[in-house]
Structure formats: structure tokens, C-alpha cells
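Reader: I would like to go through this model with you and ask, for each label you attach, what it rests on. Please set each value beside its cut-off before you conclude.

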Amino acid sequence: MINYLVTITVFFPAITAVFLLFLKNRDKIIFAAILSSVITFAFSLLLFLSYDKSLGGIQFIDHFKWIDSYNIKSSYLLGIDGFSAPLVLLTGLLSLVACMASWRIKLRVKEYFIWILLLETSVMGVFTSLDLLLFFVFFEFELIPMYMLISIWGSGRKEYSATKFVIFTLAGGAFMLIAILALFSSEAVTSLSMVSINELGIVGIPEMIAGQKLIIPASVIFIFFFIAFAVKLPLWPLHNWLPDAHTDAPTAVSIMLAGVLLKMAGYGLFRINLGFFQETEGFQIFDYTNILVLLGTISIIYGAIVTLRQTDLKRLIAYSSISHMGYVLLGFSAMTNNQNFSYYSLNGSAMQMFTHGTITGLSFLTVGLIYDRTHTRDINKLGALTRKMPMIAVFFMISGLASLGLPGFSGFVSEIMIFLGSYKIYPIHTIISAFGVVLAAGYILWMTQRALFGENKLQNDDKTYDFKSLKDANLFDLLPAFLITIPIIIIGVWPNIFIDFFDLGIKEMIK
Amino acid sequence: MIYDDIFYILSPIILTFTALFVLMIDFFTNKKPVIFISTLFGLGISLIVLFIQYFTFEKNQTLFFETIVFDKFYLFSAITLILITLAIFIAFYDYIVNQISFRSEFISLLILSLVGSLFVIMAIDFITIYLSLELSSLPIIALIAFGKGKFSLEAAFKYLILASFSTGIFLTGVVYIYGASGSINLHYLNITEINPAIILGMVFLFIGLAFKLSIAPWHMWTPDTYQGSPMPIVTYLSTASKVAGFVLTIRIFSEIFSNDLSYTNLIILLSIISFASMTIGNLGAILQKDLKRLFAYSTVAHAGYMLVGIIALITTKSSASTTMFYVVGYAITNLSVFFSLQHMINLTKSTSVDSIKGLFHSHPYVSVVFALGILSLLGIPATVGFMGKVLVFSSAVNNGLVLLAIAGVINSFVSAYYYLGLLRNVFVSSDKFEQNGNSNNLYILVAFISSILVLVLGIYPDIILSTIDNVIAGL
């Protein structure tokens, strides 16, 4: 076994980014970036495959002293458990897809790939860091690559959207910072490790704060963490930044944003909000699940209804993301006390994060391919695209059908699990949420019907694109789409390979 | 006995002689390198002396009839101050040689101000504190007037009037403290109960210091002075002066509040001032169109963040290390920002915010260095600014000042608006950069070194954090 495998996986993209500084030739830069993401993907796959499920727990631990002062004590602690292993794999896969999807880029190529690779490092860091301050460092660091990527290589009102994205996330991060500091300032807490690791003698925050009084009420700390993740998830009514950021971001960045960045919030909900607040004094997560589940339901229905009205393809998928991430919260919060919960819904919620990552990644990828050719994302100007670009249409259809939850694709698995589990606990919310699936069928089918089939709606005098000369994607365009379709189908047919992992991780979080 | 004491203040003495030597040598030779090398030589020697004293340090001593103290805190701060001044001299070599008419007077005054600052950070007697504060700020007034712009004289006068005004207020505070505690020596303050005289004295004392530290609402001079002063002086004011002022504040506060009395009202008052400083600074900076004024307001906001650790110091002494770390980190960051700013001003011959649009395309190195400084001011992870903010806010939460910490972090994302605006101008804007002049690469070199420090201290702060904890514990 390679030593420090997690550290290597996390920082390999960043090191390549430094190496890219010295390259001059455009082709070499693109080749090096793609090669780097292939290697990182290989590392993440290696981590995923060599995680020993029979042992469970945290594996591949890297632990060093980091900050040791009167006012804050923190260590460099990286590791993988059953819950983070699939998410690391997802990050590796989607970063590879994002790099491959950017091979046509012409503007400021070197900087572009440097930012993409730094983004990958920071997301990997979020999923692997087990120290709360380190987690926060990676969680916030992602802002700068995203700001640059959206505001330089984006389209439309790109600077506005990028600033909005940063300010929303910084505001959420501010709450999280206060929550972290409040936890650390409490007498019971002596280190900032998020989990207990017996072999290293590390006691995690969940054990330290169990039954203890904190410096500010535990419910406030819970809410602060929740706000930070709700902004990122994004949850109604804090979702405002997402449609703008998605619409104006370049294709690869949309893939990263929807595919992995939103999952950092879901990951945080499980690791922190669920992991920490089960035995705290005077307040447990179960006291607030009725509110969380309501917010989830509103997100699902609101997101779906707004999606129906969209005419911009990217905006449409962005709003559908809000609806789909609502399912994550619905499944997550379906519990009322220590006994009354269901592993079905929790696993389903984790699975929804993974499947939504792959499905939306594919959606944005194919929309990007369409936009490259037609230079428009306006549904009213598209139509009959299947005739000219059948392969793109096939992949677009796959992503659409998987997204509406067709059996055989991955979306079905996670949604059915969430509904099965949460129906026992919050039946009314689940019934209302189930209509989200109906609405999803509505917007997906209506959208594909208008954009891909039927007649081309382009007016004769409109010079946006020339329908007759449209060309299908070439092999290199389709390769990332292929890659990302594999997990969608595998999970649809054989979901257990991932559910086993999530189940292991979640069982360790639940006391 | 008094001759033994001289050994401990060797480094200010060396600097004083350097200042006089530089002034005299101007009569005999007009060669620029001679003046410069002798300056750097004097700074270097005193730095070496300080390092030797630091590593052979044995115990705290009070010197010269208990008017000054020799401890690790002094040594650490003095090393920081001299390093900052050294960096300023090296980076602004080109500026001092070509744009200042009376360069040996300029250098000599700046070093004399540094000597004043060195005494400020070791003084424990209010009379000594007063004298050394004057010694550090009087040369600055003359130095501000060295600027060539039309605002220079105005800025100098503003600083002169407000500095003397603030010293008056400071002395009033001293009077009250003396009346209430029976001593003007920090070590012999005998405060057994909280009475109005103590509180009044503390408030006056603090207001006097707040002028120097440009804490709102006593910040009015900052934007005008920054705009009118030559850049080396702006850099010196926002880095070295800040370090000296906060070291003095830490020293005074940690002695006065070393008893177990509870100062709830004072804490509330200072928290409001700190919040006001952050908010006024950030909101003021949003409106600015001039780079120097923008950074002046940003200084006001950062003074507010630094004050958070000082407030926490009232209840827990070790909280002072957070402010110290923040101040040192801020000084390093500001060095990198101001050096790259001067480089940009040389290129554009303008200080407008819009003049740096599209800079990255033609001048990538200075842009990256500048951006690192800005990100550190904004408090993005992996920079020293982030660590500083985490530390001061943690000290606030530790002492139950949760609301103040919340106000602080909310302010730091308000500041994202104008810091990102600068980054947008440099990196994102597709406008063509208009170059109207040439600049010296020395700016970028020194700024690059400080931005490396920004990154290193941001990623592994323990390097100096443990030292700072150590020196604060020795107070």
C-alpha cells in the first residue's frame, strides 16, 4: 500500500497546476491537465477499491500537528471512511470529465486549467479532511477558483453572477466559522477532530460534546452549520445564486458546480449536523427535523415548478438541481428520535448526492456540446436536433430520463429509497414530494420534446446558427459523456456497490 | 549601573547614530549608494544585535529607573519593526532616489521615527511612553510633507493637528489613571476597585491610542493622509506604526487589566467601537475610487478586527497573541500590497481604481503578487489573513463575545465586494492596460518575498504563532 495516498490524491492536481505554470504550448497544457486528472481519478479509484469494507471505520489516515496555540488547536488529519470514499471517486471522475470537456477552450488556456485543478484539490480536501478547521479551509478555498472561472470564462452577466456566488457562499461560511469557533471555545472540546480514531487516541467532537453544555446553545450552533450548508446545497430560500452561477459558468465549471460542489453541502450535513448533534445537551437534531423536512419539501416542489417555466437549457437544469437536492434533505431529515429513523432514507439521500452528481454532470456536458454548435441555449430557437446530432441527443436523453427517475437508471434507485424510508416517518411530506417526480417528468419530457424533437423553430432571418450545417459530436467530445454514463447505468442495475459504502459510513455516524 | 543598562538598548542607539550619520554624510558625498548602504548597514547591525539578544535572552529586566522594560515581547516586536523598515527601504530604493529631493533627510527622519517606535514598545512609564510616542510621530509629520502632490501639505497639517490633539487626550487619560492608582508606572498601578476615574482614564487613554491606530470614529485623518503622503510613508504608517501602536496597547491593557475585576461596561463600549470601525472602514472603502483612499479605509476596517483581540485581552491575557499575530500578518500582507501598488502607480501614473484594468495581461507577476495580498486582506484560506481572522474571532468567542465575532465575520464578507472589485479590474477586465511609465522590478521582488511569507504563514502559522504565544506569556 502506498503511504500518504489520500494526501497525494488531494494535492496531486495542485502540484500539476504549479507545473502547468512552466508550460507554454497550448496542446501540452491541455494534455498535462487531462493526464493529471486521469492520474487523480486513478488514485481516487484506487482509494475506493482498496477501502476495506470488512474493517470499516476511517482508513488511510494522514495525521500531523498543524496549529497548536492557546486560542486554537487543530491538526492536519485526512482520511477516508465509507461515506467519503464514493464522493472522492465522484470528484475524481467529474474533474476528469470537466478537464476533457474543456479541450476546445481557446481563451487564456493555462490559467483556466490551473484554476480547474486547484478547484479539484479543494473539493477533494473537503471530502477527505477530518479536522473541522481544515474542512473549513478547503470549503472556503474553492471560492477563488470558482470566482475566476465564472467571471473570466463565463458568458452573459458573468461578473455579476460570480460576485453573487462568492458573497452568498462567504456569508454561509461566516456562520460556519462562528459555529466552529463556538464549538472549540466550549470547555468540553479540546481538539477539532470530527471523528474519533481509537488507534491514534483521537477523540472526536461528537463524543466530546455528548451530554455537555456548550458556550452557546447547541441549537444555535446547529443552525449556523445548517445555514452554511443550506446556502451551498442550495435550499429554498437561499438558492438565489445557483441559477445565475450555472447559467453564466462555462460547461466544465457547471459540471463541477452541480456535480461535486453542491455535494460538499450534503456531505457537511451528514458529517457535522447529523454526526455531532445526536446526544448534545438540551437539543438533538431530531428536534428540528420537522422544519428541515418542510424546507426539503418546499425546495423540491418550488424548484420543480420554477423549472417548468424555464426556456434557457442551463437555467432549467440549474433549477432542477434545486429540486433534486431537496430530495437529499428530505431523506436526510426523515427521523424523529434515536429509534425512529430509516437507513433506507439516509442511504437514499447519500445515493441521491452521488447520482445527481453524475446525472447533472451529463446534462451540463451535453448542453455544453449543443451550445458549442448552436450558440444558443434558448429552447424556443432549438428543435429537431436529433436529426443533426443523434449522439448528443442520445446522451441528453439518458441524462433526462435518469433525472426524472426512470427505472434502470441511477436516479430511480435513490429516489425510491428516499420515499420508502421517509414515508414511514413523515408520510404527508413524502406524498407531497412524490409529486416532484411527476413535475420532473413534465419538465424533462416537455423540454426534450421542444429541444430535441419536433420541428426546428429557428426563424429564417435568424442568423444564430445554421441548422443545415450542424454537426454531431466527434469521438473526443463523446468520451467524457461515455465515462459519466457508466456509473449512471451501473447504479441503476446494481446499486449495491455504492449503497454498501454509504451504509457503512452512515451506520458509524448514527449512535 | 546605568552603563550596564545601555547594552540592552544598543539597537535603538545604533539606529540613532545611523540616522545622524546619514544626515552628515550628505555634506561630503552625493553618491546615492553610499547613503543607502550605510542605512542598510545600520539597520542590519541593529537587527543582528536584536537577534543575539533574543537568542541569549535570560529574564525580563526593567531599566533606567524602571522606565523601560527589556523582555521577549520587545525583542520580537523590534525585530518585526526593523524587518518591515528594511523591506520598505529596499523596495522603495528607486522611489527615494528619484522622487525625493532631500533623500538623506528623508531617510534620517524615517529612522528616527523607527527609534521612537522602538522606545514605544519597551516603555512602561507613562512619561516615557508619551515622549517616545512624540518621537515616533513628529518625524512622520515632516515625512508626509515630502510628498509632491497638492494634498501633501494638507495631509501633513491634518496629521500634525490630530496627532497633537490625540496626545493631549492621551495625557488627560494618564492624569486620571495617576489620580486613581497613584502611579505613572505600569508595573506599580494599584487598582483595587473600579471607580469612574479609572474608567474615564482608560477611555481617554484608549482614544489617544485610537487616533494613532486609525480606529473609527477617530480615523478621519487616515484617508487624507494616505492620499497625500509619499508611498514609503503610507506603507510605514500602515505597517510599522500599526505594530508599534498595538504592542503599546497590549502592554498597557495587559498591565491595567491584570486584576480580577470585571469591566463589563468597558468591554461593551470597546466592542461597539470595534464594530463601528469594521463597518465604517468597509462601507467607506466600497465608495472609494482612489486606490490609496481605498486602502486607507481598509486599514480602518482591519484596525477594527485587531481590536477584537484587544477586547478579549481584558478578560484573558493570552488572547493578546491573536491580535499580535493578526497585526504581524497584516503588516506582511500590506507590505506586499503596497509595494505592488507603487509598481502599478509607476506604470499608470494614476491612483484611480480603474487605471489597473487589464493589468494581468501585460504584467502578470505584479498582478499575482497583488492578488495574493488582496486575498489575504479578504481572509481567504491558505493566506495569513485567514488565520489571523480565525484567531481573533476565536479569542472573541472564547471570552463570550459571540456577537462581536458574528459582526466581524459578516464584515469580512462585506469587504469581499470591494476586494473582489480590485481583482476583477486586474484579472477579469478585458480592457487594454494603458502604460504611461516605467517601474523598477525591485518592488515586485520584495513584494514577492512578503507574499511568500503570506502563504507560508497562512498554511503553517505555527512557525510564528508559537513564538508569539511564548513572548506574550512572558509579559
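Reader: Which elements do the buried residues of α9(B) pack against?

Author: In this predicted model, the buried residues of α9(B) pack against α8 (152-181), α11 (231-256) and α12 (264-287) of chain B. Those buried residues are B:I198, B:G201, B:M202, B:F204, B:L205, B:F206, B:G208, B:L209, B:A210, B:F211 and B:K212.

Reader: What span does α9(B) reach, and what would be expected at 1.5 Å a residue?

Author: Helix α9(B), residues 196-212, has 17 residues and reaches 25 Å from its first C-alpha to its last, which is close to the expected 24 Å.

Reader: Why is B:S214 called buried?

Author: A residue is buried if 20 or more other C-beta atoms lie within 10 Å of its own; B:S214 has 28 such atoms, and is therefore buried.

Reader: Why does B:H219 count as buried?

Author: B:H219 has 24 C-beta neighbours inside 10 Å, and the cut-off is 20 or more, so B:H219 counts as buried. B:H219 is also in the loop between α9 and α10 (221-228) of chain B, and, not counting residues up to four places away in sequence, B:H219 touches B:S214 and B:V300.

Reader: Why are α7(B) and α8(B) called roughly antiparallel?

Author: The axes of α7(B), residues 126-144, and α8(B) come within 9 Å and cross at roughly 175°. Angles over 145 degrees count as roughly antiparallel, and α7(B) and α8(B) are therefore roughly antiparallel to each other. From α7(B) the contact includes B:F126, B:Y130 and B:L133, and from α8(B) it includes B:Y159, B:L160 and B:L171. By class, the residues of this contact divide into 13 nonpolar, three polar and one charged.

Reader: What makes α11(A) and α14(A) a pair of that kind?

Author: The axes of α11(A), residues 251-276, and α14(A), residues 343-374, come within 8 Å and cross at roughly 170°. With the cut-off at over 145 degrees, that crossing makes α11(A) roughly antiparallel to α14(A). The contact of α11(A) with α14(A) has eight nonpolar, eight polar and one charged residues.

Reader: Is A:L369 buried or exposed, and how do you know that?

Author: A:L369, which lies in helix α14 of chain A, counts as buried because it has 24 C-beta neighbours inside 10 Å, where the cut-off is 20 or more. Leaving aside neighbours within four places in sequence, A:L369 is in contact with A:I392, A:A473 and A:D477.

Reader: How many residues of α6(A) are buried?

Author: Helix α6(A), residues 143-153, is mostly covered, with 11 of its 11 residues buried; among them are A:P145, A:Y147 and A:W153.

Reader: Why is chain A called as compact as a globular protein of its length?

Author: Chain A has 20 helices and two strands. The radius of gyration of chain A is 22 Å, close to the 24 Å that the globule rule gives for 511 residues, so chain A is as compact as a globular protein of that length. Of those 511 residues, 60% count as buried.

Definitions and conventions. Residues numbered from 1 in each chain as written. Chains lettered and ligands numbered in written order. Predicted model: local features only at pLDDT ≥ 70, side-chain atom pairs only at ≥ 80, totals over all residues. Helix = DSSP H or I, 4+ residues; strand = E, 2+ residues; numbered from the N terminus. Expected span 1.5 Å × (residues − 1). Buried ≥ 20, exposed ≤ 12 C-beta atoms within 10 Å, placed from the backbone. Contact = placed C-beta atoms within 7 Å. Rg over C-alpha atoms; globule rule 2.2 N^0.38 Å. Axes fitted to C-alpha atoms, helices over the stretch in contact; angles between N-to-C directions. Parallel < 35°, antiparallel > 145°, perpendicular 65-115°, else oblique. Nonpolar A, V, L, I, M, F, W, Y, C, P; charged D, E, K, R; others polar.
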